[in-house]
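Trainee: I have a new model open and would like to go through it with you, one topic at a time. Could we start as soon as it is on the screen?
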Amino acid sequence: MSTVAAPAALLNHLLRDDVDNSVGETWLPGQRTALRSVPASGQSGDGGLDDPLRLGRAMRLRLRDAVQALLADPSIAGLKDAPKLAAVVLYAKSRAPKGEKNDNQTSIWGAELGRWLGMKESTVHHKVLPVLRGTDALHTQVVRDAKGHPTGLDCLVMPLWNARKSGGAAHPLALTKAELATLLHLIEALFGPGWAPEDKEPTPPGLLADRTGKGAATDRLGLLLMVLNTRASGWLQLVGGSVKKREGRGAATLARLLGCSPSGARKVLARLTEAGVVARQRKATSTRMNGRGKVMLLPVARAYGRTVAPVEAVSGPGTVFSARPDGACGDHGPADAAGALGTPGIGGAEQVEDAGDQERPDGAELHADHASVVTPVVPPQLSCGFSGEGRGAEGRRPERACAGEDQAVDGESPVAGTGSPVAEDGPLRGEQPKESPVDERVGQRAAGSGSDGRPKAAGWEKAQQQRRVGLPADLRLRVALGPVAWLWERLSGWQQDQVEAAAKAELAQLAGLGVAPEGAPRLLADRLTDRLAETGGEARVDKPFPWLIRRGLPQRQACSHRKCDDGVRLDTGEDCENCGNVIHLRRARRARIGADIDRELPGLSDGERRRVLEERLREHTAAEAEDLAWRQGQARAEQARRDAARAAAQEQAERERQEAAAADAVRQALPCEDCGQDQAAGLCEACGYRRRTEAAIAEAGLVAATWSAAPGDVAAVTAEVRSTMERDIAAVHAEYLRAMDPADQEAEPEAAAAVLAYGALHTAQQALAAYRRNALAMLGRTDEAEAEARRAYRTEQGRPWFRRNPNGADAVAAATEKAEAARERVAEHLLAVRLEQLREQTAARTEPAAAAPWTDRLPELAARSLDGEAAGAVIA
């Protein structure tokens, strides 16, 4: 008999193996109350020889290769940063193997793992551990105490398990005990939660221990990867090639390490810089311009006693100018106290401070300075960095600017006059410009601004400033709102947002009504065109916003059909048939009422007849409205009844679920009926396997007796089958015992018994299948099976398509197939019938004899003699 693999209980047994864990913190039942968290964040990198960040080159490369190999495993590569960091932490806390035993498990609990990751325990149980289990990157086993309460979690990192199983010590993940301890101490120094044991020296928290919440796992993982890629000098090894200027080479390097976009890495780098663990500098050049950027890991630099570089401020979103070399003359002269560009408020000291992020090739020329007396017309909001920015809203150069540009228009105002920002032929220097509505708006905007040049927080002015002249950028909305583009320009910013939201809702409603998504914008545009035609054009709409919201965009159903819009079907574009039916019914009703009036009141004039007709139509409409209201009330009551019934059903289902849970809890607490094991739900695993094995042995004996035993030899056949199967089971037991460790048998006797019982069950099931195949083969040779096969053979040969050549190759093949199928059917039928008969006979033999009636037993009892005590009692 072939051997079988051990069941899932072996994995549970392996996970429960209590092995010494010298790396990390092995959880014990009493240890949770003995540790308390250290809230303050520690500072690593004191420069001592025992500093965890002071790694040798060989050790750093070994740990870097191991972490990269773990993150590149197919079960972890595509996950988010939180599961990746959890895998790294559990990997660092895993036990090193002892001898030939491949044991890499670790013990932890959800709250402690959340402290390592910087997130809550619920997040770990919902978004971290299930993801790792789903990709087969982690196997977990809940540890319970003697009372059944969960006390911890045994974790097995499968990439490490597979690496040690397949590659051995040569695999990058197969770290030694000392290497795992070094990696764990490094992680503790970077973002460990910190502990304060009662009888031991406290472990301070890591550098990023206080960094929790959203993005905490990404920051911690990024810091670890950067430290492992940093030399002893403290400078991060940056990637080569071309990178985006906005993100920089440091962000590109971190993006490659984390596997994210450069923009996301730039944000992570900014947060690490703000946390004080990363510093950014630029190499000095001969012209004193900003050179290539560099990234320093401050903890690594401190660990090796290096000079710590100053932290560079994170650049803001505003546009800045490049710094100029010292000693430049003329237009390239250095900035003075009045301003970096010679103009107060334009490129002053604040702008020079932000200029560190703009890289400019050596030798590039800057724009010439302006005279210090020039004052901008509007508050300066530089975006491009040329002189026209300070001259008006458009930022263009003045037309025909001449000498004396810094002179005032007149003797009273020092402001240099220019033409209107929108005038193509503006006035010359010294001429009085004509006023225009645009200039008036510019003046109003300047008047409505505060001292800092920003608009005041007034709702209407803010809405007017934020409004868009053109239609939305979405192509579907541009097509749908095209007919009302002029009305769109008249809306405020808030109104435009509302109209845009209403248009999106109408497009979604059209899609829900069966309209193709690509045709919905055109259909909404046709609706707006028709509504404008009804109104008389855009010029007749004096209030655009109410007209669009209440009249232009909403669907108007002319009948009860949900796809009807002004008598047109939205899905087909044809006339609504339901509207035609409604019109036909109304006309028929009007004709019928008119005929009744002519019959009842024949002498009425035309005016009087029209009045009576309208009155009766109103009465009929009122009756229909009343009937409709009654039917709607009935529908609401029916809906309320259904809701109440649904709520009652849900409550009943909840009660049944709770009762079932309570009954299951009671059942789980029952001992085993066979061996008496506690908490076995009435039957333990090993006893359940034994019962199924016994049933399989009995079934195999009956199957063998269906063809090989005479009516009186059934017991002999079943006994022979039982002895044969018991010998096979004993052989399998011996093989299992040779494969199992005696220490494991003594440590976990219940698990060993379950494994042996499972092996016996598997052997019995295999033997039962073999006996069944043999019985079907023998029963297929009986007279009944042969007769049925011959009939099926002749029937198939007599098919119309085989009558011309019944003995041809195709006819013989088809007939043979049908005959074999018929033979198998007869054999299965005979096996089922004979098994049923044998079961009845066996039950009759084993069933106890029924008790005789009391009236039949009285004579026998009366003839029985009484003993001495009974006789004395009767005489007395």
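Trainee: How far apart are the end C-alpha atoms of helix 22, and what span should its residues give?
Mentor: Bear in mind that this is a predicted model. Helix 22 covers residues 606-668, and at 1.5 Å a residue its 63 residues should span 93 Å, while the end C-alpha atoms are 91 Å apart, so the two values agree.

Trainee: Which residues of helix 22 are buried, and what do they pack against?
Mentor: V612, L613 and L617 are buried in helix 22, and the buried residues of this helix pack against helix 21, which is residues 577-600.

Trainee: Okay, stepping back, how many helices and strands does the protein chain have?
Mentor: The secondary structure of the chain comes to 30 helices and seven strands. Of its 876 residues, 34% are buried, and the chain exposes about 51200 Å², with carbon and sulfur atoms supplying 52% of that area. Among the contacts with a separation of 6 or more, 59% are between residues 24 or more positions apart.

Trainee: On to the strands, then. How do strand 2 and strand 3 run, and how many bridges join them?
Mentor: They run antiparallel, and seven bridges join strand 2, residues 138-144, to strand 3, residues 150-157. Within that pairing Q141 stands opposite D154 of strand 3, and in the hairpin, which has five residues between the strands, G148 takes a positive phi near 90°.

Trainee: And where does strand 1 come in, which strand is it joined to?
Mentor: Strand 1 is joined to strand 3 by four bridges, and the two run antiparallel, with T106 standing opposite C155 in strand 3.

Trainee: Which residues touch the most other members in the largest nonpolar core?
Mentor: That core has 69 residues, and those touching the most other members are Y91, L113, L190 and F191. Helix 4, residues 81-92, gives the most to this core, with nine residues.

Trainee: What is L113 in contact with, leaving aside its neighbours in sequence?
Mentor: Once the neighbours within four places are set aside, L113 is in contact with A86, V89, L90, I108, V124 and L129. There is also a second, separate core of 25 residues, which includes A696, A700, A767 and L835.

Trainee: Changing topic to cysteines, how many disulfides does the structure hold?
Mentor: The structure holds zero disulfides. For C579, the nearest cysteine sulfur is that of C564, 3.3 Å away, whereas a disulfide would need the two sulfur atoms within 2.5 Å.

Trainee: Is C579 buried or exposed, and what about C260?
Mentor: C579 counts as buried because its relative accessibility is 10%, and the cut-off for buried is under 20%. C260 has a relative accessible area of 35%, so C260 is partly exposed.

Trainee: Last one: why does R823 count as buried, and what does R823 touch?
Mentor: R823 has its place in helix 28, residues 809-846, and counts as buried because its relative accessibility is 19%, with the cut-off at under 20%. Not counting residues up to four places away in sequence, R823 touches G780, A785, E786 and A789.

Conventions. Residues numbered from 1 in each chain as written. Predicted model: local features only at pLDDT ≥ 70, side-chain atom pairs only at ≥ 80, totals over all residues. Heavy atoms only, no water. Expected span 1.5 Å × (residues − 1). Buried < 20%, exposed > 50% of the residue type's maximum accessible area, 1.4 Å probe, protein only. Contact = heavy atoms within 4.5 Å. Pairing = 2+ DSSP bridges. Core = buried A, V, L, I, M, F, W, Y, C linked by side-chain atoms within 4.5 Å. Areas by Shrake-Rupley, 256 points an atom, 1.4 Å probe, with all protein chains shown as cover.
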